[in-house]
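I opened this entry to keep track of what I looked up. The model comes first, my notes after it.

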Amino acid sequence: MDFAFTPDQLALRDAVSRICARYPDEYWLERDREGGFPEPLHADLARDGWLGIAMPPEHGGAGLGMTEAALMMQTIAASGAGFTGASAVHMNIFGLNPVVVFGNDEQRARWLPPLIAGRQKACFAVTEPDAGLDTTKLGTRAVRQGDEYVVHGRKIWISTAQVADKMLLLARTTPLSEVAKPTQGLSLFYTDLDRGKVEVREIEKMGRKAVDSNMLFIDGLRIPLADRIGEEGRGFEYILHGLNPERILIAAEAVGIGRAALERAVRYAGERHVFGRPIGQNQGIQHPLAQAWMQLEAADLMVFKAASLYDAGEPCGPSANAAKYLAAEAGYNACQTAVMTLGGMGYAKEYHVERLLRESFIPRIAPVSPQLIMCFIAEKVLGLPKSY
Ligand SMILES: Cc1cc2nc3c(=O)[nH]c(=O)nc-3n(C[C@H](O)[C@H](O)[C@H](O)COP(=O)(O)OP(=O)(O)OC[C@H]3O[C@@H](n4cnc5c(N)ncnc54)[C@H](O)[C@@H]3O)c2cc1C
């Protein structure tokens with residue numbers, strides 16, 4: 001058991017930190033006020049090859065593991081970029097895992113290099129308004145017509161669809177009534193986001209203004225057969241394969257945003273004098289901050305345990321789910337503690353912690369809720385009956 005990062009991993013963290021240092025809090029505050037995708041950060045990370053950190057070397061990636069990818073994403077969030085910075089590149093890092101694992105050589109060669117080079121952006125279109133977390137009930141239909149599929153349906157919350165060129169899309173190819181199990185009959189596609197056939201309508205939301213989330217209205221989108229990943233009807237299985245990496249990355253980012261808030265709160269607690277001494281000299285201020293630090297550290301251990309298991313090819317479902325739950329709650333608690341530590345100034349945008357608090361809800365809600373994680377642990381780890 002070794003809890004230390006290797007020199008290479010530490011060098012990676014320093015290199016990503018140096019890029020993030022070009023984007024101070026004021027940059028993120030401006031993005032939060034005005035929106036506008038953080039293209040310069042995306043371009044900087046692409047230029048230095050970071051977008052392909054976990055992609056296969058034969059297609060221009062660095063071929064590193066989940067541990068390195070999690071460290072990179074955590075560093076971005078912890079820099080103060082929070083979920084705006086992390087979400088701007090998140091999809092690049094492991095979103096195309098189904099293509100890497102289940103795509104064919106031609107597809108990998110066609111799709112991965114432009115994404116790694118930052119020439120294309122992708123979005124991940126799974127969630128639907130009428131299905132929610134019950135993914136097998138999704139109603140978007142892809143009907144085969146010769147060498148293509150024709151798609152009709154609606155998606156919700158699809159992040160980066162305003163700027164994306166491509167879309168990873170899960171749709172039903174065989175009606176629910178005709179399959180033996182609800183998980184069958186769904187297919188996965190990676191295809192052009194054809195705005196002539198897909199209306200992308202932005203959802204006004206609580207935080208992360210610069211990285212959009214959207215309703216998609218898909219009306220007659222034509223997808224060539226060559227854009228289907230793997231076999232027809234096995235899309236749910238392919239998506240499941242990517243769920244653990246997704247949870248680990250989100251968890252790493254959640255620890256990162258919590259650390260960003262904690263750092264700003266501790267600095268303020270040391271500088272702000274009331275009743276003739278720094279507010280940070282009072283245990284009422286110290287203890288919640290100390291508790292937030294401990295919670296973040298504990299969650300972080302679970303994040304990197306899950307990442308190590310994944311990299312070793314071991315089952316990591318319980319750890320990945322536990323990491324996502326613990327990190328999201330710890331990140332949120334650190335952010336709300338930071339706001340309360342700053343008192344009135346915690347509520348002022350210029351001190352940045354209220355922005356981090358608003359963004360810290362994202363890893364709690366997405367890609368899966370705390371309730372559904374507890375259902376998973378109760379059923380798969382504790383052996384209790386399935387409750388949903
Ligand atoms: C900022 C943001 C970005 C997102 N980006 C993307 C994206 O890029 N692509 C994408 O596909 N999706 C995206 N999502 C969607 C996200 O993954 C979903 O919002 C999330 O999975 C929850 O689904 P839902 O909102 O439909 O909740 P619902 O399924 O409607 O559930 C609502 C609440 O009820 C609870 N609940 C439901 N059933 C049960 C049960 N049986 N037991 C206990 N509790 C239950 C849930 O836990 C939840 O708290 C994003 C969401 C947000 C907020």
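My notes go from the domains to a pair of helices.

**Ground rules.** I am working with a predicted model, where local features need pLDDT of at least 70, side-chain atom pairs count only at pLDDT 80 or more, and totals for chains, interfaces and linings use all residues. Residues are numbered from 1 along each chain as its sequence is written, and side-chain values use heavy atoms, with hydrogens and water left out.

**Domains.** I looked up the division and found domain 1 (5–115), domain 2 (121–233) and domain 3 (235–379); the bounds come from an automatic or database domain assignment.

**Domain 1 against domain 3.** Their centres, taken over C-alpha atoms, are 20 Å apart. I noted 31 residues from domain 1 and 33 residues from domain 3 in the contact (heavy atoms within 4.5 Å). The buried area is about 2,700 Å², with 63% from carbon and sulfur atoms; this is the accessible area (1.4 Å probe) that two parts lose on being put together, summed over both. On the domain 1 side, Met66, Gln74 and Phe83 supply 27% of the area buried against domain 3, more than any other three residues.

**Salt bridges.** I found 4 across the interface of domain 1 and domain 3, counting a side-chain nitrogen of Lys or Arg within 4 Å of a carboxyl oxygen of Asp or Glu. I also looked up the salt bridge between the side chains of aspartate 25 and arginine 355, at 4.0 Å, N to O.

**Helices.** Helices are DSSP runs (H or I, at least four residues), numbered from the N terminus. The contact of H3 with H4 is made by Leu41, His42 and Leu45 of H3 and Ile76, Gly85, Ala88, Val89 and Asn92 of H4.

Terms used: Helices (H or I, at least four residues) and strands (E, at least two) are DSSP runs, numbered from the N terminus.
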